Amino acid sequence: MGTQRAGQDVGVDLAAVAGLLADGTRAAFCLALLDGRAWTANELARHAGVAPSTATSHLNLLVGGRLLAEERHGRHRYVRVADHRVVELIEALAALAPQQTARPRSLSASGRQQALARARLCYDHLAGTVALAITDAMVGRGLLEWGSEPGLTSGGVSWLAEVGITVPSGSRRPLVRACLDWTERRPHLAGAVGAALCSHALTLGWVTRIGTTRALAVTTTGRRAWNDHLGLPPDDL
């Protein structure tokens with residue numbers, strides 16, 4: 001009884017947040033929104049295979065629970081992940097969740113799964129096997145400290161300037177953060193540096209979106225760039 005009362009005295013209702021993600025439809029919405037874009041209720045309804053009215057009810061709960069934020073443009077309502085803390089929460093839970101063993105129902109579904117595992121957006125940074133290869137290469141070249149407290153080395157600062165990657169100043173988010181990759185179960189580069197690197201790669205066409213999903217493809221230009229800047233073999237990308 002004493003332990004229960006102590007937990008209540010803290011004033012944190014962890015069960016309320018857990019309950020929001022305990023529904024399969026709401027969880028699917030949150031995973032889809034990790035592509036960093038704002039979606040409409042109808043788009044999310046089609047993605048999850050539910051009625052628009054059902055999607056709206058679920059989204060109202062997620063917005064009310066501050067996991068999602070809404071934007072209104074004219075008559076249209078869009079929702080997005082509230083902030084990077086929610087992204088970290090969803091990615092961490094996805095990494096802990098059991099891997100689905102069901103085989104894809106079609107060749108196209110199999111292709112989508114493989115593409116997501118290879119390279120994808122994790123809100124504002126890169127994830128998947130390509131992201132891990134980039135992270136490993138940066139660690140191997142002494143650009144990143146990758147221990148219990150990840151950080152950017154002096155060589156890493158010089159490398160960013162050499163490549164032309166600008167990290168915005170004044171941000172309260174960590175410069176470097178290890179984000180557990182839910183498909184590979186290993187950490188990849190996140191934080192302000194990870195976001196700046198991803199933005200640079202998208203802007204210069206090193207990676208491109210695949211359709212409307214958050215899957216990415218490494219372009220021929222990108223393979224050359226990653227090889228020039230980090231020594232990554234083009235065939236590995």
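Biologist: Before we get going, what counts as buried here?
Modeller: Buried means a relative accessible area under 20%. Keep in mind that this is a predicted model.

Biologist: Okay, so is C122 buried or exposed?
Modeller: C122 has a relative accessible area of 0%, so it's buried.

Biologist: And C179, buried or exposed?
Modeller: C179 comes out at 2%, so that cysteine is buried too.

Biologist: Which cysteine sulfur is closest to the one in C122, and how far off is it?
Modeller: That would be the sulfur of C179, 4.0 Å away. A disulfide needs the two sulfur atoms within 2.5 Å, so this pair is too far apart for a bond. Looking from the other end, C179 is in no disulfide, and its nearest cysteine sulfur is that of C122.

Biologist: How many disulfides does the count come to, then?
Modeller: The count is 0.

Biologist: Remind me, what do strands of a sheet pair through?
Modeller: Backbone hydrogen bonds, and the pairing can be parallel or antiparallel.

Biologist: How many bridges hold strand 2 to strand 3?
Modeller: 6 bridges join strand 2 to strand 3, which covers residues 76-81, and the two run antiparallel. As for who faces whom, E71 has Y78 in strand 3 as its bridge partner, and L68 stands opposite V81 in strand 3.

Biologist: What about the hairpin of those two, how many residues lie between the strands?
Modeller: There are 2 residues between strand 2 and strand 3. In that hairpin, G74 takes a positive phi near 65°.

Biologist: Now helices. How do helix 3 and helix 5 cross?
Modeller: Helix 3 (residues 24-32) and helix 5 (residues 52-64) have axes that come within 10 Å and cross at roughly 70°. That makes helix 3 roughly perpendicular to helix 5.

Biologist: Which residues meet there?
Modeller: From helix 3 you have T25, R26, F29 and C30. They meet A55, H58, L59, L61 and L62 in helix 5.

Notes
Residues numbered from 1 in each chain as written. Predicted model: local features only at pLDDT ≥ 70, side-chain atom pairs only at ≥ 80, totals over all residues. Heavy atoms only, no water. Pairing = 2+ DSSP bridges. Helix = DSSP H or I, 4+ residues; strand = E, 2+ residues; numbered from the N terminus. Axes fitted to C-alpha atoms, helices over the stretch in contact; angles between N-to-C directions. Parallel < 35°, antiparallel > 145°, perpendicular 65-115°, else oblique. Contact = heavy atoms within 4.5 Å. Buried < 20%, exposed > 50% of the residue type's maximum accessible area, 1.4 Å probe, protein only.
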